[in-house]
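Try each task before you read its solution.

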Amino acid sequence: MAEAQGNIESKDFGIGIPQDSQGYYLKGAAHLDWGMKDRLARVFNARSGKTVMLAFDHGYIMGPTSGLERVDLSILPLVPYTDVLMCTRGVLRACIPPDCGKPVALRCSAGATVLKELSDELVGVAIEDAIRLNASAMAVQVYIGGEFEHKTIGNLVRVIDAGNAAGIPTLAVTAVGREMVRDARYLGLACRVCAELGAHFVKTYYCAEGFERVTAACPIPIVIAGGKKIAELDALTMARRAIDQGALGVDMGRNIFQADDPVSMIQAVRAVVHDDETPERALDLYQTLKSQSKGMVV
Ligand code: R5P
């Protein structure tokens, strides 16, 4: 029986040895069916193998978050520059034109808000509606170690089972409860649990120490959340480090839509993720684009 305490320290992460992707460009996806692979190829760019997902689902727990008061005004200008729209079905139907041509990672967990215990979630979207909306992935929040851990893991496996039947991949979102520490040990455990349970990719947080162990020990792609708004250079540096340490993209929200110039910021993030730019050069790009958009001479 596995225990939480007293185990031999994990150490053989094979850092620097990429996982063999066995004939498909995405790790852990070689043996999936055609429909799954087709949808994953909409999420992860086949040239770079990476993705810039735009997360704007915050309203489902936070209401009209800063930068998302009017999704029609703030998010639509970003749509051409994102690889994937991560949002709720409510905002998708109300604000996003169906002819925008972008794949959707549909937020499928629900049931809590910032006013109460966040981990007390349920499955909030029927598989039939995800199919109807042509979702390319379904996103489910899991609170490993949280008060309702058992319930959120139940939500995840139910969505994975329904998605497997329909050919829709599941994105497990590792939410970190207030009592948890965002270190490599915790994040590595949370991501690995999601992969073992059958998720197709995982969204987690970056940690400054040992993130390469988190990605190495997770046999499916990891994308990072941006978290609270930080300075543009810091957000670009975080994205650079995460990619260099094995993440296959970002699923970023506030650090894009709360930036001074969100349209320039998402292009700077793309430069880091898809074009291998340094954070400094991406920041230059951000400032140049921002000046141009404000009609200033640079
Ligand atoms: C939170 O409600 C959602 O899971 C967001 O999609 C997630 O936190 C990513 O957004 P951010 O980059 O703002 O952390």
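Predicted model: local features only at pLDDT ≥ 70, side-chain atom pairs only at ≥ 80, totals over all residues.

**Exercise 1. Overall build**

Task: Work out how many helices and strands the protein has, and check its radius of gyration against that of a compact globule.

Solution: 
- Step 1: The count gives twelve helices and ten strands.
- Step 2: For 298 residues, a compact globule would have a radius of gyration near 19 Å, and the protein's 18 Å agrees with that.
- Step 3: Along the principal axes, the C-alpha atoms fill a box of roughly 65 × 40 × 40 Å.

**Exercise 2. Around the ligand**

Task: Find which residues come nearest to the ligand, and which elements each supply at least two residues of its shell.

Solution: 
- Step 1: The ligand has 14 residues around it, and Ala55, Ala225, Gly226, Gly253 and Arg254 come nearest.
- Step 2: Strand S10 (249-252) and helix H10 (254-257) are the elements that each give at least two residues to the shell.
- Step 3: Sort the shell by class and you get six nonpolar, five polar and three charged residues.

**Exercise 3. H9 against H11**

Task: Describe how helix H9 (residues 232-244) packs on helix H11 (residues 262-275).

Solution: 
- Step 1: Their axes come within 9 Å and cross at roughly 25°.
- Step 2: Angles under 35 degrees count as roughly parallel, so that is the label for H9 and H11.
- Step 3: The crossing is right-handed.
- Step 4: H9 brings Glu232, Leu236, Ala239, Arg240 and Ile243 to the contact, while H11 brings Met265, Ala268, Val269, Val272 and Val273.
- Step 5: By class, that makes eight nonpolar and two charged residues, with no polar ones.

**Exercise 4. H9 against H12**

Solution: 
- Step 1: H9 passes H12 in a right-handed crossing.
- Step 2: Glu232, Leu233, Leu236, Thr237 and Arg240 of H9 touch Pro279, Ala282, Leu283 and Tyr286 of H12.
- Step 3: This contact splits into six nonpolar, one polar and two charged residues.

**Exercise 5. H11 against H12**

Task: Decide whether H11 and H12 are roughly parallel or roughly antiparallel, and list the residues that meet.

Solution: 
- Step 1: The two helices pack at about 155°, and their axes are 8 Å apart.
- Step 2: An angle over 145 counts as roughly antiparallel, so H11 and H12 get that label.
- Step 3: Their crossing is right-handed.
- Step 4: From H11 come Val263, Ser264, Met265, Gln267, Ala268, Ala271 and Val272; from H12 come Pro279, Ala282, Leu283, Leu285, Tyr286, Leu289, Lys290 and Ser293.
- Step 5: In the contact of H11 with H12, eleven residues are nonpolar, three polar and one charged.

Key
Residues numbered from 1 in each chain as written. Near = placed C-beta within 6 Å. Helix = DSSP H or I, 4+ residues; strand = E, 2+ residues; numbered from the N terminus. Nonpolar A, V, L, I, M, F, W, Y, C, P; charged D, E, K, R; others polar. Axes fitted to C-alpha atoms, helices over the stretch in contact; angles between N-to-C directions. Parallel < 35°, antiparallel > 145°, perpendicular 65-115°, else oblique. Left-handed = near helix turned anticlockwise from the far one by under 90°. Contact = placed C-beta atoms within 7 Å. Rg over C-alpha atoms; globule rule 2.2 N^0.38 Å.
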